[in-house]
Amino acid sequence: MDRATTLPSPKKLVSAFNDESFSSHRWIWVTGPVIVGAGPSGLAVAAGLKLRGVPFVILERANCIASLWQHRTYDRLKLHLPKKFCQLPYFPFPQDFPEYPSKDQFINYLESYARHFGIKPQLNESIELAKFDETLGLWRIKSTVSASGTSRQYICQWIVAATGENAEKVEPEFLGIHKFGGDVIHASDYKSGGKYQGKRVLVVGSGNSGMEVSLDLCHHNAIPFMVVRSSVSIKSRNLIAFSFKFPSVTYLNIIYAQVHVLPKSVLGKSTIELAMLLGKWLPFRLVDMILVLVANIMFGKTEKYGLRRPCVGPLQLKNSKGKTPVLDLGTLSKIKSGDIKILPDIKGFSRGKVQLVNGETLDIDSVVLSTGYCSNVPSWLKGSEFFSNSGLPKTPFPNGWKGEHGLYAVGFTMRGISGATEDAIRVAGDIGSIWKEETSQKQEATVPVACHRRCMCISWEGRLNCSVPLLFPSLSSEGYS
């Protein structure tokens, strides 16, 4: 493709680079966007750009793509939604994949996706700082290569934040936790309940990971206690197969947590798929009423097990608060049987013990913190008002994908992979349109840049060093076409 790229004048470059935050004497000029993150969101954007002939650089701090799935998920994990809601654009799942692919199958799919589109992220490279330079009219990005500690610095017209909602684990500080003495891990480090056989394990949190970790512990003959800290929604795997015959159980001081208990599938149809279908014709409030009615028929009253329904319906709660529904794989059955015991919130820890807010003290061997994740965008994106302090776009879905000065966001919709896919298509389309318009213009450029290069080095004085080799081998002169 032919393109003439205009760089700012040498005087502007020298003035703009006189910044303590960006002290390198060599810069890498990226002719297309820099994508931060090589998870499903980043890969989806990259594929869309590749199809439109737009070169790009994709930075990934881990040593692989989709590091959340490869390094921070438990072994028994499966997709909680049917595969058609979880596939990335332009490349469907293999037909022989089950309706709910396993963790390994999803990872294989993502790796095949990257190979199919020729996406080659720069791995082990963490972004440290990104800032729009008003003088240059460009983004300035600073990164660090983990293996060598080398700093790299880029300038580009567009930046795509694709690190997502789950970039960093959330680990609350509990009183006395340092005195506990037992094993304390985050759910991102939990793989299997095998090593917890016979142990009393406190699972803090009742979201998807908390419920599934508790169930996995039961399957490995551990004794799980689950702390329900906030309102969530629970869905059962299959309406027909679920048994109504649960033995009675006595709890020590029931504390009612606000939890929706809903079926995961109804007559073989995914509840989410059914809800989306009904949502096309009915308001969310009415859809919520239908879902709760079905749940009541199936489960009966759950208050006696410590699970009280919130006043707000599950779909309304998801849209207003971003509370992701928990998809039950049998956990509720274990709660009813007493194999998983529901506990109130935590007051503090002491040696081998946990104190609860209701005054009880329990002996505990280990703790698994299923306390979720958060965005890390505020730690590296500076000078922008597009993201809130929580790291999510201030503008809600479906309009939170485009910010100012060529800033884009993918993977922050609180609607899973399907929401990220929608935003990725919009972002790639928008950048592609701008790219096509610019490349079609026959304007005289201040500095002509070779059409086949996506990155070039710039010296401190602002000269374009076409004769100087690229700063590192992974940025080949061939680029993406």
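Which residue in S20 is the bridge partner of glycine 348?

Reply: The bridge partner of glycine 348 in S20 is glutamine 355. The model is predicted, so local features need pLDDT of at least 70 and side-chain atom pairs count only at pLDDT 80 or more, while totals for chains, interfaces and linings use all residues. Residues are numbered from 1 along each chain as its sequence is written, and side-chain values use heavy atoms, with hydrogens and water left out.

Strand S20 covers residues 353-356 and is joined to S19 by 4 bridges, the two running antiparallel. Strands here, like helices, are DSSP runs numbered from the N terminus (helices are H or I, at least four residues; strands are E, at least two). Two strands pair if DSSP finds at least two bridges between them. S19 and S20 belong to an open sheet of 3 strands in the order S19-S20-S21, with antiparallel pairing. Strand S19 (346-350) and strand S21 (361-363) are its edges, each pairing on one side only. On average, neighbouring strands of this sheet are turned by 25° against each other, direction ignored. For angles in this account, axes are lines fitted to C-alpha atoms, for helices over the stretch in contact, and angles run from 0 to 180 degrees between N-to-C directions.

Another open sheet has 5 strands with parallel pairing, in the order S9-S22-S10-S11-S18. Its edge strands are S9 (183-186) and S18 (341-343), and each of these pairs on one side only. The twist from one strand to the next averages 20°. Within this sheet, strand S10 (residues 200-204) pairs with strand S22 (residues 366-369) in the parallel sense over 4 bridges, and valine 203 stands opposite valine 368 in S22. Helix H5 (residues 208-219) packs on the sheet and touches S10, strand S11 (223-227) and S22. The direction of H5 makes about 165° with that of S11. Contact means heavy atoms within 4.5 Å.

Two helix pairs come next. Helix H2 (residues 40-51) packs against helix H4 (residues 103-117) at an angle of about 25°, with their axes 10 Å apart. That makes H2 roughly parallel to H4; angles under 35 degrees count as roughly parallel, over 145 as roughly antiparallel, 65 to 115 as roughly perpendicular and the rest as oblique. The H2 side of the contact consists of Pro40, Leu43, Ala44, Ala47, Lys50 and Leu51, which meet Phe106, Leu110, Tyr113, Ala114 and Phe117 in H4. H2 and H4 make a left-handed crossing; a crossing is left-handed if the near helix is turned anticlockwise from the far one by less than a right angle, and right-handed if clockwise.

In the other pair, the axes of helix H6 (residues 271-279) and helix H7 (residues 284-299) cross at roughly 145° and come within 9 Å. The crossing of H6 and H7 is right-handed. Here Thr271, Ala275, Leu278 and Gly279 in H6 meet Val287, Ile290 and Leu291 in H7.

Glutamine 70 lies in helix H3 (residues 67-71). At 23% relative accessibility, glutamine 70 counts as partly exposed; buried means under 20% relative accessible area, exposed over 50%, and partly exposed in between (1.4 Å probe, protein chains only). Apart from its neighbours within four places in sequence, glutamine 70 is in contact with Cys64, Ile65, Lys103, Ile107 and Glu111. Between glutamine 70 and phenylalanine 106 there are 36 residues in sequence and 9.7 Å in space, C-alpha to C-alpha.

Glycine 313 sits in the loop between strand S16 (307-308) and helix H8 (314-321). With a relative accessible area of 9%, glycine 313 is buried. Not counting residues up to four places away in sequence, glycine 313 touches His260 and Asp288. Glycine 313 is 28 residues from arginine 285 in sequence and 6.9 Å from that residue in space, C-alpha to C-alpha.

What of the cysteines? Cysteine 86 has 6% relative accessibility and therefore counts as buried; cysteine 218, at 12%, also counts as buried. A search of the whole structure finds 0 disulfides, a disulfide being a pair of cysteine sulfur atoms within 2.5 Å.

Last, the chain as a whole. The protein chain has 11 helices and 26 strands. Of its 481 residues, 52% are buried. Among contacts between residues at least 6 apart in sequence, 69% join residues at least 24 apart.
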